[in-house]
Amino acid sequence: MNHFPPQVRQMQDIMSHAKSLGILHGHFSDYQLNGQTINLNGQDLHHFANCSYLGLELDQRLKNAAKDAIERYGIQFSSSRTYLESGLYEVLEDKLAQIFGNPVIVAPTTSLGHISWIPNVVHKNDAVILDHQVHRSVQNATMIAKANGTHVELLRHNRMDLLEDRIIELSKKFRKVWYMADGVYSMFGDVAPMQELYDLLNKHEQFHLYVDDAHGMSWAGKHGRGFALSNVDYYHEKMCLITSINKGFGANGSAMIFSDETQKAMIKNAGSTLIFSGPVSPVMLTAGIASADIHLSDEIYERQNRLTGLIKHFNQTATALDLPLVRQDITPICYLAVGANPLHCVEIAHGLQQDGYFVNVSSFPTVPLKNSGMRITLNTNHTEEAITGLLNSLKYRMDEREIVTEEVLKPFVSRDLVVA
């Protein structure tokens, strides 16, 4: 391992230790999942690391649709969509267009959607501003544009004052200025200031916006259209929006939402991963159609309200216990700071498993080293009792290591992630 840089060797040591304790690279052994617990190494654990926020992946209607699709179409339909595609795509995309009120393309994954979209809408004479916390999949796709000559720079997280300064300055040199952000940020659960971004779109002619709302889908907005659109009154013509139907939606793939049919046709015909990557299987397309029907009914609001209640319970209980909760946004991603020592995260997660709870450890490189912590995701299958039990266990395990809330939150304040 001597030819690897020191930081890579350090990361390997930490991850190897975490794996030996069953914290990373685990294999669950459940014969049938129930959405609440997961069996690891023969132990049933309350599962707080699931991004299926509305629990739809276990809904009988989606399972029945998937079973029927297997009988009708088989496991897969292996053909490039450019030549031949299942008619199920059209059905699902039409229903998603009803949800969003705009044309939609279904892509195999959100990451592949970025690769189809960003290099085609971002010109070599444009500038891209990446929010410091924007998802790695957006950053990866942007590197293709950068290789083609596009100017790319980073901006401190959610700093709209700094963003406007950069828009003004870059507009003097470049055709368009793009800001790329998440609707809901995947690690810390904080959100993009959508109304402020819309104000900037209306104020600056050359400014354009690209939003990945993968973690905002389903649990927020009319028909579950997501957090980003739940905070604004219309779909801005200078915005590109992409979201996931892999998480809250309970199916598989990604939805790319367009301002008009012309833009949709351009990306469908020019997007590299739409041409060359494998399609979504008929099984998942059919499950997606069943989920879309739920989203288009009033049932979606019942599920949203239940999740909102659980999130509020989590935030209130964590605050009462003086746990280092980074944000109290009403999102299903909850992050508790642990500090600069990632081994503390591993030890706490191991202790939580002993107490009957499974959560995700977050440390470098998924977050900056000083921002290590516990990433907890909530879904409608959880109960208030399980959440309270988890937080009491966290309190005990953090007190064991003398973790002081005010101290471990300081690096987050300096990174504009919490209100000082």
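**Figure 1. Who gives the most to the lining of the second largest pocket?** Helix α9 does, with five residues. This is a predicted model, so local features need pLDDT of at least 70 and side-chain atom pairs count only at pLDDT 80 or more, while totals for chains, interfaces and linings use all residues. Residues are numbered from 1 along each chain as its sequence is written, and side-chain values use heavy atoms, with hydrogens and water left out. Helices (H or I, at least four residues) and strands (E, at least two) are DSSP runs, numbered from the N terminus. Along with α9 (261-270), α4 (110-121) and β8 (239-244) each supply at least two residues of this lining. The pocket has a volume of about 260 Å³. Of its 14 lining residues, Val121, Lys176, Trp178, Cys240 and Gln263 lie nearest the centre. Sorted by class, the lining has seven nonpolar, four polar and three charged residues. Here Ala, Val, Leu, Ile, Met, Phe, Trp, Tyr, Cys and Pro count as nonpolar, Asp, Glu, Lys and Arg as charged, and the others, Gly among them, as polar.

Figure 2. Rolling a probe the size of a water molecule over the atoms shows where empty space is left. The search uses a 1 Å grid over the protein atoms alone: a cavity is a set of points where a 1.4 Å probe fits but cannot get out, a pocket is an open set with protein on both sides within 12 Å along at least five of seven lines, and lining residues have an atom within 4 Å of a point. Grid points are joined across faces, edges and corners, and a volume is the space filled by probe spheres set on the points. How many cavities of 30 Å³ or more does the structure hold? There is one, and the largest cavity has a volume of about 40 Å³. Its lining includes Phe77, Arg81, Glu85 and Tyr89, as well as Pro279, Val280 and Pro282. By class, that lining has seven nonpolar, two polar and two charged residues.

Figure 3. Strands of a sheet pair through backbone hydrogen bonds, either parallel or antiparallel. In this figure, two strands pair if DSSP finds at least two bridges between them. Read across, the open sheet goes β3-β9-β8-β7-β6-β4-β5, with mixed pairing. β3 (104-107) and β5 (151-155) stand at the edges with a single partner strand each, so one side of each has no neighbour in the sheet. From one strand to the next, the twist averages 20°. (Axes are lines fitted to C-alpha atoms, for helices over the stretch in contact, and angles run from 0 to 180 degrees between N-to-C directions.)

**Figure 4. Strand β4 and the helix that packs on the sheet.** β4 (residues 127-131) pairs with β5 in the parallel sense over five bridges, and Leu130 stands opposite Leu154 in β5. Helix α5 (residues 136-147) packs on the sheet and touches β4, β5, β6 (177-182) and β7 (207-212), its direction making about 160° with that of β4. Contact means heavy atoms within 4.5 Å. In the loop between β4 and α5 you'll find His135. Not counting residues up to four places away in sequence, His135 touches Asp182, Ser186 and Asp212. His135 is partly exposed, with a relative accessible area of 29%; buried means under 20%, exposed over 50%, and partly exposed in between (1.4 Å probe, protein chains only).

**Figure 5. Strand β6, covered on both faces.** In a regular strand the side chains alternate between the two faces of the sheet. So which residues of β6 are buried on each side? Val177, Tyr179 and Ala181 are buried on one, and Trp178, Met180 and Asp182 on the other. Four bridges join β6 to β4, and the two run parallel; Ala127 has Val177 as its bridge partner. With β7, β6 pairs in the parallel sense over six bridges, and Trp178 stands opposite His208.

**Figure 6. A second, three-stranded sheet.** This open sheet has the order β1-β2-β11, again with mixed pairing. Its edge strands, β1 (37-40) and β11 (357-358), each pair on one side only. Strand β2 (residues 43-47) runs parallel to β11, joined by two bridges, and His47 has Phe358 in β11 as its bridge partner.
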